[in-house]
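Please walk me through this structure in plain terms. I am new to it and would like to see how its parts are arranged.

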Amino acid sequence: MAKLTLVEAINQALNWSLTHDPDVVLLGEDIGVNGGVFRATAGLQQRHGKLRVQDTPLAEGLIAGMSIGMAAQGLKPVAEIQFMGFIYPALDQICNHMARMRNRTRGRITLPIVMRMPHGGGIHAPEHHSESLEALLCHHAGLRVLCPSSPAQAYGLLLAAIRDPDPVMFLEPTRLYRLARQEVPDDGVALPLDQCHLLRAGDDVTVVSWGAITHEVLLAAEQLAAEQIQCEVLDLASLSPIDHNSILDSVARTGRLVIVHEAARNCGLGAEIAATVAERGLYSLHAPICRITGYDTVMPYFRLEHDYIPGVARIADGIRSTVRA
Amino acid sequence: MSSVATFHIDHEQLLDADGRPTAALPAFAQDASELLHLYRLMTLCRLFDAKAINLQRTGRLGTYAPCTGHEATHVGVGAAMRPEDALFPVYREYGTQLWRGVTLTEILTYWNGDERGTHFAGPRQDFPWCVPIASQMPQAAGAAMAFKLRGEARCAVAYIGDGGTSQGAFYEALNMAGAHALPVVFIIVNNGWAISVPVAEQTAAQTLAQKAIAAGIPGVQVDGNDVIGVRAVVERALARARSGGGATVVEALTYRLSDHTTADDATRYRPAGELEAAWQREPLLRLRRYLQAQGQWDEAQEADLRADCSAQIEAAVVAYTSLPAPVSDDMFTHLFAHPPAELAQQQATARRYAGSGR
């Protein structure tokens, strides 16, 4: 079986969906003959035609709005926003309509839409190409927000997103697009939604993370294992809803919680997780909750991006202090 | 220097303000029953509007957006559409919606702050009222794309106001519709005022129809108080779209004979005399004059019609006021097909405290 990168696994899931579901339509900027700027849709227009893999005009609000109109007519649009930093013009459609239409019409109009978008930094890209804006989306009721951290997860979660009858925001960690390969059978098997994933079992501390930075978290956990600190690493995968019960179960065993995310700290998802553990799991805690996050600064241009994104040393230090507290 | 592009904008009017034909009338207008159908619904809209404003003023309805003055445009567009087409309204196009099967009860339910009003029993594919201005436009383009993909002879019809044509989403949708020859008709209802801002402060463009030209699609202006003209122009645009000819922009020139909503007071910004002058061009009067001149309408029929409309409206008022009150579960039930487990606890909390927050 071929080993795939994360971006190839996404391509495989898109191809599987186009092949097996005639309602699936892809739209976005440069996704056709060019195959997308990251090649996530490479070869798909050639295989499935220009009507099912459509290049759109350069207008993110249009892409999201058209997806709504198409989905309301029974199609399953999978739209690409070229980079998450360009999501803002689409937020009117996503937050005001996509998230609300089922509720607004009391179930009359439903919108099975997937909005795919590259997420996060670390790839030496220009300004606006490295943003981690998941909190913007997670704040809105009516949306699911996913962020895979491995090729197999990307394949299974994207299939689940496409099959879900409601809108799903699918955040793709750019740093992991080509970082590693993994066997990903093209079997059309979806992963469950609304669940976090256990990446590493351990008894001393629960470390919650998602997306690209799970890579640095696992490296830190490996380092710390040599120091007899056993991390339980949970990959959120579903950023909205958050699988709080799994986090609480883990914290009940470890008594310690570290949250690592690339996005800025202020009003980030780490705050939501920390607050929930404080509300529902405070008496399990042996140490203060620790957040290791991007700073409350503008995401810098790429010369400084690795000073912004929490690295292995910062993550390991945070976990160490939490375990020793 | 040489000229590389020119454009012109046609203006259509078939019935003038006195109800006199200004050109040969189309075939549908030769059939008196067709015209009476249009006139009856326009009258229902006018009387319904008065009732809804009264309900709001007496505390039985939330803020309401009136349609008085727009009846010819709204009913004309409805009559030009086919049932299988899809409508993307703004929030005051009741004439179109009623033609297509939305009920007075649903309209009142919506404006009384209850989502059940958008669960149209009639045109299931029509979009509900759209409050964020112009955001319905790309959605209509998307529906049109779906029709095109499936090879269906259906069209999307999207409304927008004069103020809405200043929004980016308006241009984005027109541009897309032009680039892909989508089966969609955009109706700009130019009623002169975007709440308090007149068209001249909205744009320097001589017409709003010409905004279509930059998107490579035709734009046409019609007297929006002339229901025969509106229906004829929109029928032509829909026939063109249905046969693969692509999108059209129709600018209907009319006047908002009311406040923007019941929360607005147009005397704060509209020049004196403008409203009175506009009443001389209003849409019901001219069609009634034409029908009377044709010997198709008299005082007795008018009285019967008004009584019949009032009875329909009163029945709708009874129906929406006797709907069982919504319950807190309704906030949760329709959010997702498969609600996240975390919501269950909040739903239970809402149920426990339901009614206690008032």
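Two strands count as paired if DSSP finds at least two bridges between them. By that rule, strand E9 (residues 197-200) of chain A is paired with E11(A): 3 bridges join them, and the two strands run antiparallel. One of the facing pairs here is Leu198(A), whose bridge partner in E11(A) is Leu234(A). The model is a predicted one.

E11(A) has another partner in E10(A), and these two pair in the parallel sense over 5 bridges. In this pairing Thr206(A) has Glu232(A) of E11(A) as its bridge partner. In a regular strand the side chains alternate between the two faces of the sheet. In E11(A), Cys231(A), Val233(A) and Asp235(A) point one way, while Glu232(A) and Leu234(A) point the other way. E11(A) is mostly covered, with 5 of its 5 residues buried.

In helix H9 (residues 244-254) of chain A, the residues Ile247(A), Ser250(A), Val251(A) and Thr254(A) are buried. These residues lie on the same side of H9(A), because they cover an arc of only 100° around the axis. An α-helix has 3.6 residues a turn, so residues three or four places apart point the same way. The cover over the buried residues of H9(A) includes strand E10 (205-209), strand E11 (231-235), strand E13 (257-264) and helix H10 (269-281) of chain A. Just after H9(A) comes Gly255(A), which takes a positive phi of about 75°.

Pro288(A) is placed in the loop between H10 and strand E14 (290-294) of chain A. Is Pro288(A) buried or exposed? Pro288(A) counts as exposed, because it has 12 C-beta neighbours inside 10 Å.

Val145(A) stands opposite Met169(A) in E7(A).

The last step is to look at where the chains meet. In the complex, 34 residues of chain A are in contact with 32 residues of chain B. On the side of chain A that touches chain B, helix H3 (60-72), helix H4 (88-98) and helix H5 (101-104) of chain A are the elements that give two or more residues. H3(A) provides the largest share, 9 residues. By type, the residues on this side of chain A divide into 13 nonpolar, 14 polar and 7 charged. The predictor gives the complex an ipTM of 0.96 and a pTM of 0.97. For chain B, the mean pLDDT is 97, and 100% of its residues reach 70 or more.

Methods
Residues are numbered from 1 along each chain as its sequence is written. Chains are lettered from A and ligands numbered from 1 in the order in which they are written. This is a predicted model: local features need pLDDT of at least 70, side-chain atom pairs count only at pLDDT 80 or more; totals for chains, interfaces and linings use all residues. A residue is buried if 20 or more other C-beta atoms lie within 10 Å of its own, exposed if 12 or fewer, and partly exposed in between; C-beta atoms are placed from the backbone. Helices (H or I, at least four residues) and strands (E, at least two) are DSSP runs, numbered from the N terminus. The arc is that of the directions from the helix axis to the C-beta atoms. Two residues are in contact if their C-beta atoms, placed from the backbone, lie within 7 Å. pLDDT is the predictor's confidence in each residue, from 0 to 100. Ala, Val, Leu, Ile, Met, Phe, Trp, Tyr, Cys and Pro count as nonpolar, Asp, Glu, Lys and Arg as charged, and the others, Gly among them, as polar.
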